[in-house]
Amino acid sequence: MKLNWYKLAIMALALGVFTACSEDDEPNGEGPGTETGGGDDTTGGGDNTGGEPVVTLGAYVLNTGNWDGNDAGIQYLDFQTGELSEDLYAAANGEGLGDLGQDLCVYGSKIYVTVSNSSKVAIMDRNCRLLKSISVTASDGTPINPRYMTAYEGKVYFTAYDGTVSRIDTTSMSVDGKLNLIDAGAQTGYDHPEAITAANGKLYVNISGYGSGKWLSVVDVASFTKLKDIEIVLNPYTQCITAEDGYVYFVSNGNYAGKPSLTPEQYVYGTMQRLDPETDQVEQVCRATYIANAGDKMYILYSEYYLPEVARAYVRDLKTGVESEFIDMADLQSANGLAVDPASGDVYVFDAPYGAASDVHVYGADGTLKRTFEAGMSTSKMVFVTK
C-alpha cells in the first residue's frame with residue numbers, strides 16, 4: 001500500500017483541496033451545450049419537486065493543478081457517453097484557468113470557481129465561457145487567496161485569506177458585500193477562513209488558523225454580520241457541508257496524531273462534527289478526513305499519516321450511527337476526496353498522487369469497483385448536473 005498521506009496533508013494545507021458549495025444550493029440545469037444568458041440566479045435548490053426520479057446528466061470535474069503550475073482546469077463527464085472531456089475552460093477561452101483551482105460551484109445558469117494563487121473568482125456560463133473575472137485583492141492591491149464557496153438565496157459567498165467572507169450578486173456578477181471575520185485582539189490561530197456552508201439563514205465558516213485554529217464562525221445572512229464563534233476540534237479547514245438531514249457537518253484535521261513529537265495523550269484525531277443549525281449545538285461524531293453525503297448515509301475516508309494502521313473507508317448511517325466498511329484503502333495511493341452521484345448512489349473517489357494525473361475510481365453503493373478513469377492534475381471536486 002502506497003499511502004502518501006504526509007505529502008497529501010502538506011498539499012491540503014497549502015491548497016485546501018475540497019468542497020464547500022453544497023449541492024442543495026444548486027438549481028437544476030443542463031450541462032455543456034446549454035444556452036445561458038445573464039439573468040437573475042435566484043431560483044431554488046436542486047431537489048426534484050415533480051415526483052419524478054432524479055437523473056444525472058453528467059458532472060463537472062475540477063482539477064486543482066500543481067502549485068505554481070498555472071494548470072488548473074475543468075472537465076465534464078458525460079453520463080450518456082461515459083466520456084470525460086478535455087479542459088473545457090481552455091477550449092472555450094483560449095487560455096488556462098489559472099494557478100490552483102480551489103473550489104467550484106454551479107448555481108443557476110453559471111459556474112463559479114475560486115482560483116487561489118491567481119487571486120480571482122472566475123464566473124462562467126455552463127459551457128465554461130468566461131463571463132467575468134473578479135480580482136480578489138486587499139485595499140492596497142495586494143493579492144489575496146480566495147478559498148471556498150457556498151451559494152444561498154441568490155448569492156454566492158466565498159472566503160479569503162485576508163480573514164473575510166465576500167458576497168457576490170449573481171445578477172450583476174459583482175461583489176456587493178465583504179465581511180471581516182477577524183475581531184480586533186483575536187486569539188492566536190484565529191485566521192485563515194476556509195470551508196463554508198449555509199443553513200437556517202446563517203453561514204458557517206471553518207477557521208483553520210493554518211493548523212492552529214479551532215473555531216467555527218457563524219454569520220447572519222440577512223444582516224451579513226458575524227454572530228459568534230463556536231469552539232470546535234483543532235484545525236477545521238477543507239470541509240463544511242449541509243447534509244440532506246439539515247445538519248451541518250464539518251471535519252477538523254487535528255494535529256496529525258502519531259507525530260513523533262507528540263505523546264498519545266496529546267493526539268488530536270481527524271474528526272467529523274455535527275451542528276444543529278436551529279440551536280448551534282455541536283457534537284463530535286466520528287473520525288474522518290473526507291466526507292460526502294447521500295441521504296441518510298455519510299461516506300467517509302479517514303487516515304492519519306503517522307498512524308497508517310487506522311486508515312479506513314466506511315459508511316455511517318446518520319440516523320442509527322451504525323458504521324460499515326466500504327472499500328479497502330490499500331487500493332488507493334493518495335486519496336484526495338470523494339463525491340456521490342445523487343441519482344445512482346455511485347461513489348467517486350479521487351486518487352491523486354502528487355505530481356501525477358489523478359485516477360477517479362467509481363464504486364457502487366456496496367463498494368464494488370465499476371470503473372476507473374484518468375482525470376487532470378489533483379482532482380479535487382465533482383459537481384453533478386441533474387434533471
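Guide: Start with the open sheet of three strands, ordered β2-β1-β27 and paired antiparallel. This is a predicted model. The edges belong to β2 (73–78) and β27 (379–386). Each has a single partner strand, so one side of each is left without a neighbour in the sheet. From one strand to the next, the twist averages 20°.

Now the pairing itself. β1 covers residues 56–63 and runs antiparallel to β2, joined by six bridges. In general, strands of a sheet pair through backbone hydrogen bonds, either parallel or antiparallel.

A nonpolar core of 18 residues includes Leu62, Ala72, Tyr76 and Val385.

The largest nonpolar core has 27 residues. Which of them touch the most other members? They are Tyr157, Val165, Leu181, Leu203, Tyr204 and Leu216. Strands β7, β11 (193–199), β12 (202–207), β13 (215–220) and β16 (248–252) each supply at least two residues of this core.

Take Val165. Its contacts beyond four places in sequence include Tyr157, Phe158 and Thr159. Leu181, Ile196, Leu203, Val205 and Phe224 are also among them.

A second open sheet is worth a look here. Its four strands have the order β7-β8-β9-β10, with antiparallel pairing. β7 (146–152) and β10 (174–180) are the edge strands, and each pairs on one side only. Neighbouring strands in this sheet are turned by 25° against each other on average, direction ignored. Inside it, β8 (residues 155–160) and β9 (residues 164–169) pair antiparallel over six bridges. Tyr157 has Arg167 of β9 as its bridge partner.

Last, the whole chain. It holds two helices and 27 strands. Of its 387 residues, 57% are buried. Among contacts between residues at least 6 apart in sequence, 52% join residues at least 24 apart. The accessible surface comes to about 14,900 Å², and carbon and sulfur atoms account for 47% of that.

Conventions: Residues are numbered from 1 along each chain as its sequence is written. This is a predicted model: local features need pLDDT of at least 70, side-chain atom pairs count only at pLDDT 80 or more; totals for chains, interfaces and linings use all residues. Side-chain values use heavy atoms; hydrogens and water are left out. Buried means under 20% relative accessible area, exposed over 50%, partly exposed in between (1.4 Å probe, protein chains only). Contact means heavy atoms within 4.5 Å. Accessible areas come from the Shrake-Rupley method with a 1.4 Å probe; for residues, only the protein chains shown count as cover. Two strands pair if DSSP finds at least two bridges between them. Axes are lines fitted to C-alpha atoms, for helices over the stretch in contact, and angles run from 0 to 180 degrees between N-to-C directions. A nonpolar core is a set of buried Ala, Val, Leu, Ile, Met, Phe, Trp, Tyr and Cys residues joined through side-chain atoms within 4.5 Å.
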